[in-house]
Amino acid sequence: MNYLVVVILVGILIVIAAILILAEKALGGGGEKMLVINEEKVIPVSGDDTLLNTLSAHKIFIPSACGGKATCGYCKCRVLEGAGEIKPTELPFLSAKEKEEGVRLSCQVKVRENMKIEIPNELLNAQEYKTRVSYIEDLTYDIKLVRFELLDPKVMKFKPGQYAQLKVPGIEVIRAYSIASHPEKNNEIELIIRQVPKGLATTFVHKALEVGDKIILTGPYGDFYLQEDSTRDMICIAGGSGKAPIRSILSYLRDQGMPRKVKYFFGAKSKRDLYYTEEFLELSKEFPNFTYIPALSEPLPEDDWKGEVGLITDVVDRLTGDLTEAEAYLCGSPGMINACIKVLNRHEIRKENVFFDNFS
Ligand SMILES: Cc1cc2nc3c(=O)[nH]c(=O)nc-3n(C[C@H](O)[C@H](O)[C@H](O)COP(=O)(O)OP(=O)(O)OC[C@H]3O[C@@H](n4cnc5c(N)ncnc54)[C@H](O)[C@@H]3O)c2cc1C
Ligand code: FES
């Protein structure tokens, strides 16, 4: 009797497996598919992983600041054929125009049939780098500088302001970090990483990462970078770890002899949140073209702070004149960036001259 039940159960399982295989074939999931990129590169792919992972397996690295959780919206690319319907998880990130043009979140699209996609050429330059942590420094109680020596490839060519992605080993977590170092010192990359309470990547960096550890970075990414052909006056505004890309931009301008007039506002709560103050004050002594304005929103009595006090938006508003001919570089939380843009608009900045990196 028991034997008969087992035979029936096995029979049912075989039928279910056969149905699943047929369904998979009908959906085009199992066999080889062709992925055509920018009408020139053809990649045969098998399986039905996401477009993001499929591209990454073929060494094409699309920005993916949330690691594929559909929360960053960074992994967009245009799918001309073979993507299927837009998923609800994609909707918050796609404008009406993008939907019309076939823009999709590559982390949400599965490669189930032949597919034609378009990727901006600059993204094809992003690579995976094997690195070794060569230096770690506490900049404040919750911000660390981490230097990575590039082992293979040995050089990352990036524009000052761009970012890299760090893969946390052991757990599939990928996070974006702006490159804080000089773009011409490109055999090493410095990142400035602020601890987020209970944050997966930042807890790893702050509690476990050690000099000598091997880490994978990808990059460079991003359209936030210094407009090198411009000669406009610059206003830079950052808070917290937002200092990272501005530091890279300023180190580049310093080596050019600071050819442009730059005013740099840095917002922090109290004195213990300030870092690299000496470095930037020295720079302002060296170049009269450069002004550094750190501002504290809640200075403590023991801070004995003689500098600017107030929200960074109020300080910028107070100390800024007409910005019609200026260029702005903003870096920090979405809230800070939105508030700063409102202030800059009051000072007549042109929309096309505002560049920002949202650390969302
Ligand atoms: C283009 C870009 C550049 C960036 N550059 C830098 C940089 O130079 N330095 C840097 O420190 N970070 C930077 N970030 C932010 C970084 O990518 C991570 O989001 C951040 O470090 C948190 O990662 P986590 O894994 O520790 O936290 P998660 O595990 O992702 O988050 C844990 C919890 O904290 C919340 N959370 C996430 N981020 C923040 C935050 N910043 N503040 C408060 N709460 C948060 C989340 O909503 C979640 O609830 C950048 C982000 C982008 C998109
Ligand atoms: S990787 Fe973040 S939305 Fe796709």
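In what follows, Ala, Val, Leu, Ile, Met, Phe, Trp, Tyr, Cys and Pro are counted as nonpolar, Asp, Glu, Lys and Arg as charged, and the others, Gly among them, as polar. The model is predicted, so local features need pLDDT of at least 70 and side-chain atom pairs pLDDT 80 or more, while totals for chains, interfaces and linings use all residues. Residues are numbered from 1 along each chain as its sequence is written.

A pocket here is an open set of points on a 1 Å grid over the protein atoms alone, where a 1.4 Å probe fits, with protein on both sides within 12 Å along at least five of seven lines; lining residues have an atom within 4 Å of a point. A volume is the space filled by probe spheres set on the points.

The largest pocket has a volume of about 1200 Å³. Its lining comprises 48 residues, and Arg194, Ser241, Gly332, Ser333 and Phe359 are the closest to the centre. By class, this lining holds 22 nonpolar, 17 polar and nine charged residues. Which element gives the most to it? That is β9, with four residues; strands are DSSP runs of E, at least two residues, numbered from the N terminus.

Of its 33 lining residues, Pro63, Glu122, Leu123, Gly222 and Asp223 lie nearest the centre. Here β17 provides the largest share, five residues. The lining of this second pocket divides into 17 nonpolar, six polar and ten charged residues.

Key
Chains lettered and ligands numbered in written order. Heavy atoms only, no water.
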